[in-house]
Amino acid sequence: MNEGELITACQAGDRSAFRMLFECYQDRVYSLAMNFCNDATQAQDITQEVFLKLFRTIGQFRQEASFTTWLHRIVVNACLNQQRSARRWVELEDAQPDLNATGGGQEQQLERRQIAEAIGRAVSELSPDLRASLLLRYTEGCSYAEIAEALNCSMGTVASRLNRAHKLLGQKLWNLRSLVK
Amino acid sequence: MSNQEQIEHVSEELSAYLNGELKASDSQRVREHLLQCPDCRQEFEVIRVGVRASQELPAYPAPEGLWEKLEEALDSSPSADQWWIPQRVGSWPLWAVAAAVMFLVLSSSLLLLTLSSGDGQMVFSMEGTPLLNGKPVSGSARLAVGQQLSTDPASRARIELDRVGEVIVYPSSRIRLLESRPAKQLLALDVGTIQAQISAPPRLFFVETPGALAVDLGCTYQLDVTERGDGLLQVDLGWVGLVRQEREVRVPEGASCRISRERGPGFPYLETASPRFLETLERLESESPSPASIRLLLDEARPQDGLSLWYLLRESPSETRSLLLQGLQQLAPAPDSVDRRELEEFDAEALLSWRDHLEKLVWDDAK
């Protein structure tokens, strides 16, 4: 059974098919949500909300469109809804890096886990629009065109958001540059 | 209007450049601009840290028990329209229900396999019979992460790296695929020769050798590794970085660089340099330079050989450093924008600016 046949089975009301669809996509949905909100409880809530929404609206999905893009749209909307209620990000405006910083002994001792945490924190502090573009690119491997379609914006907007997101992350994590391989 | 205002900067395109989203001609324009614009280069370094950090974002597996919670929510949802309940299942014969369940179980396995087959790269046999994990490849096969591809003296293979480029594996070679994901393709060359033609943005394609890690910086190159584990890199187009621990050597188009299993990368050089220059340079990869050897190198060097001397300068002991610094300044002076005092103080930024200038001389020589 390919993806199209599976979706048709879901649309026809087959619960086993829906379970299969869930098994195929649960890790990707959870991972996107987890990277978006940096909080396991919220990520679980978002994952559940996404699949409930999927379950309720899969009848409206037209197979000439890309299922993954449709799913991305649902996940990003669920993440944005979650963040609208939390509103806890802080945009790192004008945080210029200290290009002469050497990293220092303390940073040299950071374990990979701590670096991952620092990256996760820095990403979670980006504005939701920047974060959504960044995560679709790096956790889902989407092209600029696919991101533009999922976020309903132009490729130019995607390029500009990613450039801004990279710059903000680079500034925030500059002192860890030798540790970020 | 100042020169600065006339230049069309590329800072807005740097992410797209690093992400491989620019056309080849635009990538080339950005690459060339970066060579001559310190402002954009500084911005590039910041953005590159952001890109690398993004590439480190982890994949989180979903926790156990999510389906059960979801089912609970589905069952208790009055607005769910109950679409999943098979409407005629009650009237189906049992064998039909059993067959449908069996079909779904089998096809789910197939679907999971299909959806997760993104790992790995396609290998094509070009001559003879290459071996994939010991099994003959006739035609094509998929090289998965962790697998080994080997060629005998009569066989040759081509690896197609999705969205990255291609690698030719020459006879009597052995490579392994260590990582394969959109943000990183990592091969290990244990022995033999490969030629890589990479069209992806810099720092997506890597080859591990016993002496150093070769980092693609947008290029075409050939890499040899002997049975002993020493290597030789020859760059035909673009740049390749050779990295061992904190030490990185950037080898530009037209240049070559030896790799020692014990010491890592040597000094990049041009094959067109004089035999005495090349012979002395090779010797100094394993021994400390004496004033006599520095003078010999300076006598034999052309301006385009200055890059070899720059790397030698970077690692020279204090006894020969000022001799080499003065000689190199006469041979291939740093651009006016570089403060001479900073060079004498061995300021890292000033040295890097000088290296950029010396790379341009090599680049011009290659053209």
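Strand 7 of chain B pairs with strand 9 (residues 184-198) of chain B through five bridges, and the two run antiparallel. Within this pairing, B:Glu166 has B:Gln197 of strand 9 of chain B as its bridge partner. The model examined here is a predicted one.

Strand 7 (residues 165-169) of chain B is also joined to strand 6 (residues 156-161) of chain B, again in an antiparallel arrangement and by five bridges. Strand 6 and strand 7 of chain B form a hairpin, with three residues between them. In the turn of this hairpin, B:Arg163 has a positive phi of about 65 degrees.

Helix 7 (residues 275-284) and helix 8 (residues 291-300) of chain B pack at an angle of about 145 degrees, and their axes lie 9 Å apart. The crossing of these two helices of chain B is left-handed. On the side of helix 7 of chain B, the contact is made by B:Arg276, B:Phe277, B:Thr280, B:Leu281 and B:Leu284, while helix 8 of chain B contributes B:Ser293, B:Leu296, B:Leu297 and B:Glu300.

Turning to chain A, the count is nine helices and zero strands, giving the pattern α-α-α-α-α-α-α-α-α along the sequence. Of the 181 residues in chain A, 42% are buried. Among contacts in chain A with a separation of 6 or more, 70% link residues 24 or more positions apart.

How values were computed:
Residues numbered from 1 in each chain as written. Chains lettered and ligands numbered in written order. Predicted model: local features only at pLDDT ≥ 70, side-chain atom pairs only at ≥ 80, totals over all residues. Axes fitted to C-alpha atoms, helices over the stretch in contact; angles between N-to-C directions. Helix = DSSP H or I, 4+ residues; strand = E, 2+ residues; numbered from the N terminus. Left-handed = near helix turned anticlockwise from the far one by under 90°. Contact = placed C-beta atoms within 7 Å. Buried ≥ 20, exposed ≤ 12 C-beta atoms within 10 Å, placed from the backbone. Pairing = 2+ DSSP bridges.
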